[in-house]
Amino acid sequence: ALFWAVLTGIGLGVLYDFGRGLRQTWHGLTVPMDLLFSLCFLLSLMALSLYTGGLRIYQCLGILSGSGLYFLMLSPPLLGLWRRFWGFIAAGFRKSESNAKKV
């Protein structure tokens with residue numbers, strides 16, 4: 001159960017950075033991405049408690065330690081990749097919008 005809690009924390013960290021990179025590119029998506037993260041967080045807590053027969057304090061600590069490990073070790077390079085990816089996508093949209101205005 002602790003292993004799944006740590007993996008859940010890491011997965012939530014990846015999802016948070018995904019949304020953070022998206023929010024930094026398109027500022028209008030802040031509220032929808034926060035709502036999506038909150039929904040995923042609640043669903044993951046529910047799934048973890050259903051899988052293990054109840055949510056225990058050590059599982060909450062496992063989620064915190066998994067997300068903490070993620071943010072300390074993997075977040076900086078992965079966040080850089082997300083930013084470049086969303087910047088590339090945004091540049092493509094801007095380019096297609098400018099081409100559409102010319103036509």
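Colleague: So from the N terminus on, how do the elements of the protein chain run?

Modeller: They run α-α-α. The chain has three helices and zero strands. Keep in mind that this is a predicted model.

Colleague: OK, predicted. What pLDDT does the protein chain average?

Modeller: The average is 85, and 89% of the residues score at least 70.

Colleague: And where is confidence lowest, and where is it highest?

Modeller: Confidence is lowest in helix α3, residues 57–102, with a mean of 82. Helix α2 has the highest, at 91.

Colleague: Let's talk packing. At what angle do α1 and α2 pack?

Modeller: About 170°, and their axes are 10 Å apart. Here α1 covers residues 2–25 and α2 covers residues 30–52.

Colleague: Are those two roughly parallel or antiparallel to each other?

Modeller: Roughly antiparallel, because an angle over 145 degrees counts that way.

Colleague: Which residues of α1 meet α2?

Modeller: Among them are Trp 4, Leu 12, Phe 18 and Arg 23 in α1. On the α2 side, the residues they meet include Met 33, Asp 34, Phe 37 and Cys 40. By class, that contact has 13 nonpolar, four polar and two charged residues.

Colleague: You mentioned Asp 34. Where is Asp 34 found, and how far is its C-alpha from that of Arg 23?

Modeller: Asp 34 is in helix α2.

Colleague: What about the whole chain, what share of the residues is buried?

Modeller: Buried residues make up 27% of the 103 in the protein chain.

Colleague: Can you show me one? Say Ser 75: buried or exposed?

Modeller: Ser 75 has 4% relative accessibility, so it counts as buried, the limit being under 20%. You'll find Ser 75 in helix α3.

Colleague: What is Ser 75 in contact with, leaving aside neighbours within four places in sequence?

Modeller: Asp 17, Arg 20 and Tyr 70.

Colleague: Tyr 70, noted. Now Val 14: what does Val 14 touch, not counting residues up to four places away?

Modeller: Val 14 touches Tyr 70, Leu 78 and Trp 82. Val 14 itself lies in helix α1, and it is partly exposed at 29% relative accessible area.

Colleague: How far apart are the C-alpha atoms of Val 14 and Leu 74?

Modeller: They are separated by 8.9 Å, although the residues are 60 apart along the chain. You can look at Phe 85 and Gly 21 too: 64 residues apart in sequence, but 8.6 Å apart in space, C-alpha to C-alpha.

Colleague: Which helix is Phe 85 in?

Modeller: Phe 85 lies in helix α3, and at 39% relative accessibility it counts as partly exposed.

Colleague: Last one. Of the contacts with a separation of 6 or more, what share comes from residues 24 or more positions apart?

Modeller: That share is 75% in the protein chain.

Key: Residues numbered from 1 in each chain as written. Predicted model: local features only at pLDDT ≥ 70, side-chain atom pairs only at ≥ 80, totals over all residues. Heavy atoms only, no water. Axes fitted to C-alpha atoms, helices over the stretch in contact; angles between N-to-C directions. Helix = DSSP H or I, 4+ residues; strand = E, 2+ residues; numbered from the N terminus. Parallel < 35°, antiparallel > 145°, perpendicular 65-115°, else oblique. Contact = heavy atoms within 4.5 Å. Nonpolar A, V, L, I, M, F, W, Y, C, P; charged D, E, K, R; others polar. pLDDT = per-residue confidence, 0-100. Buried < 20%, exposed > 50% of the residue type's maximum accessible area, 1.4 Å probe, protein only.
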